[in-house]
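This report looks at helix packing, nonpolar cores, annotated positions and selected residues. The structure comes first.

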Protein chains: 2
Amino acid sequence: MATLIDGKALAKKVNAQTAERVAKLKAEHNIVPGLVVVIVGDDQASQRYVRNKHRTAQKLGINSSIKQLPNSVSQDELLELINEYNADSSINGILVQDPLPDQIDEKLVTRTILPEKDVDGFHPENVGKLFLADTTDYPVSCTPKGIMTMFTEYGIDLMGKDAVMIGRSSIVGKPMASLMLNEGASVTVVHRHTKDVKFYTKNADVIVSATGQLHTLTASDIKEGAVVIDVGQNMNEEGHLVGDVDFDEVEKKASYITPVPGGVGPMTIATLMQQTVDLTEWSLMSE
Amino acid sequence: MATLIDGKALAKKVNAQTAERVAKLKAEHNIVPGLVVVIVGDDQASQRYVRNKHRTAQKLGINSSIKQLPNSVSQDELLELINEYNADSSINGILVQDPLPDQIDEKLVTRTILPEKDVDGFHPENVGKLFLADTTDYPVSCTPKGIMTMFTEYGIDLMGKDAVMIGRSSIVGKPMASLMLNEGASVTVVHRHTKDVKFYTKNADVIVSATGQLHTLTASDIKEGAVVIDVGQNMNEEGHLVGDVDFDEVEKKASYITPVPGGVGPMTIATLMQQTVDLTEWSLMSE
């Protein structure tokens with residue numbers, strides 16, 4: 001029976017540390033970390049995510065604000081707003097919630113946010129530093145970074161391990177693969193074009209699934225004692241939130257497993273908050 | 001018996017195209033692509049590489065210059081020089097030959113070169129764009145880019161293929177893995193900490209070796225019909241230049257193989273020249 005990686009409990013712990021760091025910044029530097037979340041349009045899921053992030057940030061003492069823009073906003077208006085935030089010393093982290101309407105070039109938005117205020121860790125310069133295993137300070141995509149915090153908390157060492165990343169998105173798959181490679185794992189990235197995913201997963205010590213597909217991984221796909229991380233957020237036939245992994249089956253064979261909900265999800269938001277404070281502390285050091 | 005991938009012949013072909021593009025830039029825009037190669041100290045191998053690049057550039061009509069600096073040069077002096085080149089519109093590509101003496105932070109040098117003059121493709125912003133499969137124009141590390149040119153020339157399609165990158169350097173292994181992943185391959189990066197390299201290489205359709213170790217790959221390590229790319233440049237017992245791969249054995253089993261010398265090596269320099277002209281053409285488009 002696998003050990004459950006309790007993302008909810010770990011997120012609580014990380015948030016407590018973040019709140020302490022916020023208090024310390026206030027006491028020692030009279031600075032309150034500032035996070036602004038820009039949301040365009042009224043996509044209900046996005047609205048929910050944003051409110052969620054906002055509430056958590058406020059709870060931790062971060063000066064959080066939501067900037068709601070109409071679906072009709074022009075690219076120039078959005079970029080101009082971002083440049084105002086770039087120039088505003090009270091703002092340490094800028095997050096633009098996707099999806100964005102068609103008239104807006106998402107990549108251009110990502111690049112307009114200053115790398116040192118890129119709380120999502122999506123700017124090519126930050127991604128490049130991660131890929132190059134740069135040892136200086138820079139933000140990293142929150143979901144993979146949160147998973148690395150789980151590995152550390154549960155004493156899961158990646159050195160020399162065979163790791164498989166299922167999915168190659170820019171937000172999860174690619175940065176996760178980099179983080180594991182940088183920790184000394186042998187990393188395979190598999191995806192929809194992969195001939196035989198099982199060839200890799202059956203040999204893997206660590207598997208991270210981010211496909212958004214039900215039943216991506218079942219017990220026969222993994223080896224005894226594998227560590228299984230489930231990034232999936234899917235609705236099952238009964239309308240319940242479930243992951244990519246057949247939890248009940250895989251749990252019997254894995255050594256560690258993350259539940260959905262209560263696994264990777266809470267860690268992503270906790271990491272976003274943590275990283276907002278990181279950016280604030282780094283900005284002080286660079287002064 | 002494998003088809004030999006003739007890097008020398010392909011480099012000739014690429015160089016001819018580069019020379020044509022140089023002539024066209026001169027005729028239509030009265031512009032001559034400018035490449036400056038900075039070398040610090042008198043390491044013999046580096047001196048040889050640099051002269052090699054310089055001679056090839058001149059042959060193709062590129063305005064190439066070598067800037068020789070003493071081993072005692074300070075970091076500030078070097079960075080100041082790079083900033084002068086950054087500001088000099090007659091220079092399209094800046095290359096700082098490594099190794100650099102201890103008093104110089106190589107990473108800082110890489111970041112000081114403007115991304116749009118980063119002919120080596122080492123700047124984190126350019127690396128990040130590669131990793132993110134960005135579709136805009138940016139330079140890419142020359143050895144992996146040259147290998148991709150070989151794949152194209154020989155009709156080797158990577159979509160859905162199982163690819164293994166042996167070695168995880170920032171200059172070859174990591175960018176090569178990204179390029180193959182971006183073309184739809186399932187990519188595994190293996191390295192000195194990998195438990196069982198053969199598990200991956202025996203299953204691989206495409207193997208790229210960049211270990212700098214003799215006998216990294218022999219016939220029993222690969223499957224029938226694999227494509228084998230040898231980035232190694234090693235001296236064997238008899239003092240001859242050889243690759244990582246046991247060529248005579250592997251050649252019998254592979255479908256395609258690169259020789260050493262005459263494989264990847266010539267393509268790296270040809271790609272550097274090609275990329276100098278790319279940077280020049282891109283600078284015109286952005287005007």
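## Burial and Thr18(B)

A residue counts as buried when its relative accessible area is under 20%, and as exposed when that area is over 50%. Thr18(B) has a relative accessibility of 1%, so Thr18(B) is buried. Bear in mind that this is a predicted model.

Thr18(B) sits in helix α1 of chain B, which spans residues 7-29. Leaving out residues up to four places away in sequence, Thr18(B) touches Leu60(B), Met273(B), Gln274(B) and Val277(B).

## Helix α7 of chain A

How many of the ten residues of α7(A) are buried? Nine are, so the helix is largely enclosed by the rest of the structure. The buried set is Gly173(A), Lys174(A), Pro175(A), Met176(A), Ala177(A), Ser178(A), Leu179(A), Met180(A) and Leu181(A). After α7(A) comes Gly184(A), with a positive phi near 95°.

## Packing of α6 on α7

Helix α6 (residues 142-153) and helix α7 (residues 173-182) of chain A have axes that come within 9 Å. They cross at roughly 35°. The crossing is right-handed. On the α6(A) side, the contact uses Pro144(A), Lys145(A), Ile147(A), Met148(A) and Phe151(A). On the α7(A) side, it uses Pro175(A), Met176(A), Leu179(A) and Met180(A). By class, the contact of α6(A) with α7(A) has eight nonpolar residues, one charged and no polar.

## Nonpolar cores

In soluble globular proteins, nonpolar side chains tend to be buried together. Here, the largest nonpolar core holds 64 residues. Which residues have the most contacts inside it? They are Phe151(A), Met180(A), Phe151(B) and Met180(B). Phe151(A) and Met180(A) also belong to the α6(A)–α7(A) contact.

Beyond its neighbours within four places in sequence, Phe151(A) contacts Ile156(A), Leu158(A), Met176(A), Val206(A), Val227(A) and Ile229(A). A second, separate core has 30 residues. Among them are Val164(A), Ala226(A), Val228(B) and Val245(B).

## Annotated positions in chain A

An unreviewed UniProt entry lists residues 5-120 of chain A as "domain: Tetrahydrofolate dehydrogenase/cyclohydrolase catalytic". Over residues 5-120, the chain is 51% helix and 16% strand. The end C-alpha atoms of this stretch are 24 Å apart.

The UniProt annotation "binding site", from an unreviewed entry, covers Gly167(A), Arg168(A) and Ser169(A). Arg168(A) lies in the loop between β5 (162-166) and α7 of chain A. Is Arg168(A) buried or partly exposed? Its relative accessible area is 24%, so Arg168(A) is partly exposed. Not counting residues up to four places away in sequence, Arg168(A) touches residues of chain A, including Gly173(A), Lys174(A), Val189(A) and His191(A). Arg168(A) also touches Leu181(B) and Gly184(B).

Ser209(B) is in strand β7 (residues 206-209) of chain B. Its relative accessibility is 0%, so Ser209(B) counts as buried. Leaving aside neighbours within four places in sequence, Ser209(B) contacts Ile166(B), Thr216(B), Ile229(B), Asp230(B), Val231(B), Gly232(B) and Asp244(B).

Ile82(B) lies in helix α3 (residues 75-87) of chain B. Ile82(B) is buried, with a relative accessible area of 0%. Beyond residues up to four places away in sequence, Ile82(B) touches Ile94(B), Val96(B), Val109(B), Thr112(B) and Ile113(B). Ile82(B) and Val260(B) are 178 residues apart in sequence. Their C-alpha atoms are 34 Å apart in space.

Terms used:
Residues are numbered from 1 along each chain as its sequence is written. Chains are lettered from A and ligands numbered from 1 in the order in which they are written. This is a predicted model: local features need pLDDT of at least 70, side-chain atom pairs count only at pLDDT 80 or more; totals for chains, interfaces and linings use all residues. Side-chain values use heavy atoms; hydrogens and water are left out. Axes are lines fitted to C-alpha atoms, for helices over the stretch in contact, and angles run from 0 to 180 degrees between N-to-C directions. Helices (H or I, at least four residues) and strands (E, at least two) are DSSP runs, numbered from the N terminus. A crossing is left-handed if the near helix is turned anticlockwise from the far one by less than a right angle, and right-handed if clockwise. Contact means heavy atoms within 4.5 Å. Ala, Val, Leu, Ile, Met, Phe, Trp, Tyr, Cys and Pro count as nonpolar, Asp, Glu, Lys and Arg as charged, and the others, Gly among them, as polar. A nonpolar core is a set of buried Ala, Val, Leu, Ile, Met, Phe, Trp, Tyr and Cys residues joined through side-chain atoms within 4.5 Å. Buried means under 20% relative accessible area, exposed over 50%, partly exposed in between (1.4 Å probe, protein chains only). UniProt positions are given in the numbering used here, feature names are shortened, and annotations may be inferred rather than shown by experiment.
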